[in-house]
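Trainee: I would like to go through this model with you before the group discussion. May I begin with the overall fold and then turn to the details?

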Amino acid sequence: MDTMRDRFAPVMARLLDEDPRVAVVLAEIGRDAFEEAMRTHPDRVINVGIREQLLVGAGAGLALAGLRPVVHTFASFLVERPFEQVKLDFGHQGVGGVLVSAAASFDWPEGGFTHMAPGDVGVLDTLDGWAVHVPGHPDEAETLLRHAVGPGPDGAAKDDKAYVRLSVQANQAPMPVDGARMLPVRQGHGGVVVAVGPMLDHVLAATEGLDVTVLYATTVRPFDAATLRGAVADLGPGAAADVVLVEPYLAGTSTAAANDALLDVPHRVLGLGVGRAELRRYGRVEEHLRAHGLDAASLRARITAFLRAAA
Amino acid sequence: MTTTTEHTYTYADLPGLMRLMTGDEKHGPAATSTLDALWVLYDRVLRVTPERADDPERDRFLLSKGHGPMAYYAILAAKGFVPVDWLEGFGAYDSPLGHHPDRVLVPGAEIGSGSLGHGLPLAVGTALGLRARGLTDPSVWVLVGDAELDEGSNHEAIAYAGPAGLERLHVLVIDNASASYARPGGIAARFEAAGWSAVTVDGRDHDALHAAYTAPHPGRPHVVVARVEPKEHTGEPKQHADDPKSA
């Protein structure tokens with residue numbers, strides 16, 4: 001299977017062809033995949049070198065000039081290193097754009113902690129107005145990129161702010177994601193498990209045979225409170241409103257959003273995800289999943305312990 | 001509300017307009033460090049008017065050094081972008097005119113600023129965007145302070161824009177020797193090393209400023225270093241100074 005990142009440049013090449021407002025800004029990373037698009041659209045595919053403050057600032061400047069910038073590099077260098085540029089050059093200036101990251105929480109474990117960004121969604125969550133898309137399959141990445149970059153449903157030009165988090169971690173099969181709502185995957189009575197993006201296959205394996213509802217989320221901001229509330233109501237009369245969030249970034253990132261969604265219902269929320277402590281380990285993705293308790297066996301143990309504790 | 005002037009303001013009116021904001025009879029060099037350079041730019045160079053504030057073909061001026069914006073607001077008022085009667089509210093809760101400008105609130109302000117080192121990268125993007133839209137005529141100007149150049153983000157922009165040949169990009173450096181660590185002539189030299197056209201002038205000499213602003217610079221971005229009286233050092237970091245007259 002190709003990766004989400006393999007889809008990024010081809011999708012952007014088509015969007016560049018289709019919409020003269022679209023521009024791509026790179027900081028060396030990902031440059032090779034854009035060679036052809038750079039030849040076709042030399043003024044709208046821009047590589048600024050290894051300069052991430054300029055990457056984000058120039059992206060916002062393109063928006064000031066009326067373009068729809070798509071700004072790309074690894075997550076740690078896109079939203080963490082130039083965070084103030086994200087906050088001020090887009091947010092405070094009141095302009096829109098799309099940030100597309102790669103490498104996620106630990107896509108390149110051999111690279112170590114400098115290339116890991118489990119906190120990316122959390123730091124963006126301190127800002128207003130950013131949509132956050134976390135695809136779980138290359139097909140979903142394509143859909144969500146088009147959703148974030150392309151024109152709105154009425155053909156109108158978009159000027160909103162969106163973050164698309166690409167990862168080499170992916171589920172086997174794509175889901176029909178729409179850039180807004182969570183999708184129901186399983187219906188049960190003993191609790192609701194929300195799997196975010198690439199966590200879905202692990203969650204499905206972990207909850208095999210358990211009487212739980214599984215929701216699949218790829219757009220986590222704005223948080224789809226209505227679908228979560230509906231799933232909790234559908235657990236049935238007398239069921240405990242127990243919710244487990246399984247996120248491929250920092251554990252607990254969406255716990256507050258889930259709590260807010262269930263404000264009028266007595267409930268419990270367990271936030272699972274990447275741990276805060278630095279592992280100082282290299283190795284393989286599967287080893288990091290296990291170390292953070294995100295493999296199927298660890299998830300099953302943690303989910304059943306949480307649900308049993310309610311009974 | 002109208003943003004058109006009822007009469008034409010001149011350079012001689014600017015101290016009076018600034019007095020509406022500060023209440024001071026006279027302004028020291030710090031408060032007026034940008035005044036002459038900005039006046040010549042708005043009065044004789046920039047092709048932008050209140051009526052053209054949304055015209056894609058307008059020249060863009062980005063005030064990156066957003067603190068001490070009284071001279072900027074005075075000129076925006078003199079040129080009819082903002083009503084003169086806004087000036088007295090400077091810094092008040094319900095005033096659009098803060099001690100750092102906000103583009104969302106101030107007609108004619110192309111960017112909001114305050115945190116140093118954001119304007120030049122935004123100007124690079126604006127110049128790239130105009131070129132991508134086929135708008136090759138408008139000039140993009142950005143004003144930075146000499147100490148603002150301490151911020152590394154500027155150097156990312158300077159080092160990129162020269163080799164990229166962003167000919168429509170112009171930087172105006174107001175040099176009041178406020179950087180704690182600097183070498184004489186270092187500002188122009190750093191731009192020149194990155195392939196920029198560079199001119200250093202007396203920042204109070206209107207004709208010299210005009211000549212520097214309009215000097216041809218084919219294929220290269222252009223920097224004008226406008227030297228003014230050294231800032232009185234207060235020992236306070238400028239970015240956090242409470243005193244709005246600090247410039």
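Trainee: Among contacts in chain A between residues at least 6 apart in sequence, what percentage join residues at least 24 apart?

Mentor: This is a predicted model. In chain A, 72% of those contacts link residues at least 24 apart in sequence.

Trainee: How many helices and strands does chain A have?

Mentor: Chain A contains twelve helices and twelve strands. Buried residues account for 53% of its 311 residues.

Trainee: What is the radius of gyration of chain A, and what would a compact globule have?

Mentor: Chain A has 19 Å, and this agrees with the value near 19 Å for a compact globule of 311 residues. Its C-alpha atoms fill a box of roughly 60 × 45 × 35 Å along the principal axes.

Trainee: Turning to the contact between the chains, how many residues does each chain give?

Mentor: Chain A gives 25 residues and chain B gives 22 residues.

Trainee: Which helix gives the most on the side of chain A?

Mentor: H3(A) gives the most, with nine residues. Helix H3 (52-64) and helix H5 (83-92) of chain A each supply at least two residues to the side that touches chain B.

Trainee: And how do the residues on that side divide by class?

Mentor: The side of chain A that touches chain B has eleven nonpolar, nine polar and five charged residues.

Trainee: Now to chain B: at what angle do the axes of helix H2 and helix H7 cross?

Mentor: The axes of H2 (residues 35-45) and H7 (residues 206-213) of chain B cross at roughly 60° and come within 10 Å. H2(B) and H7(B) are therefore oblique to each other, and their crossing is right-handed.

Trainee: Which residues make that contact?

Mentor: H2(B) contributes B:Asp36, B:Ala37, B:Val40, B:Leu41, B:Arg44 and B:Val45, while H7(B) contributes B:His206, B:Leu209, B:His210 and B:Tyr213. By class, the contact has six nonpolar, two polar and two charged residues.

Trainee: A change of topic: where is A:Ala104, and is A:Ala104 buried or exposed?

Mentor: A:Ala104 lies in the loop between strand S4 (97-102) and helix H6 (120-124) of chain A. A:Ala104 counts as buried because it has 28 C-beta neighbours inside 10 Å. Its phi is positive, about 45°, although A:Ala104 is not a glycine.

Trainee: What about A:Arg280, buried or exposed?

Mentor: A:Arg280 counts as exposed, because it has 7 C-beta neighbours inside 10 Å. A:Arg280 also has a positive phi, about 55°, without being a glycine.

Terms used: Residues numbered from 1 in each chain as written. Chains lettered and ligands numbered in written order. Predicted model: local features only at pLDDT ≥ 70, side-chain atom pairs only at ≥ 80, totals over all residues. Helix = DSSP H or I, 4+ residues; strand = E, 2+ residues; numbered from the N terminus. Rg over C-alpha atoms; globule rule 2.2 N^0.38 Å. Buried ≥ 20, exposed ≤ 12 C-beta atoms within 10 Å, placed from the backbone. Contact = placed C-beta atoms within 7 Å. Nonpolar A, V, L, I, M, F, W, Y, C, P; charged D, E, K, R; others polar. Axes fitted to C-alpha atoms, helices over the stretch in contact; angles between N-to-C directions. Parallel < 35°, antiparallel > 145°, perpendicular 65-115°, else oblique. Left-handed = near helix turned anticlockwise from the far one by under 90°.
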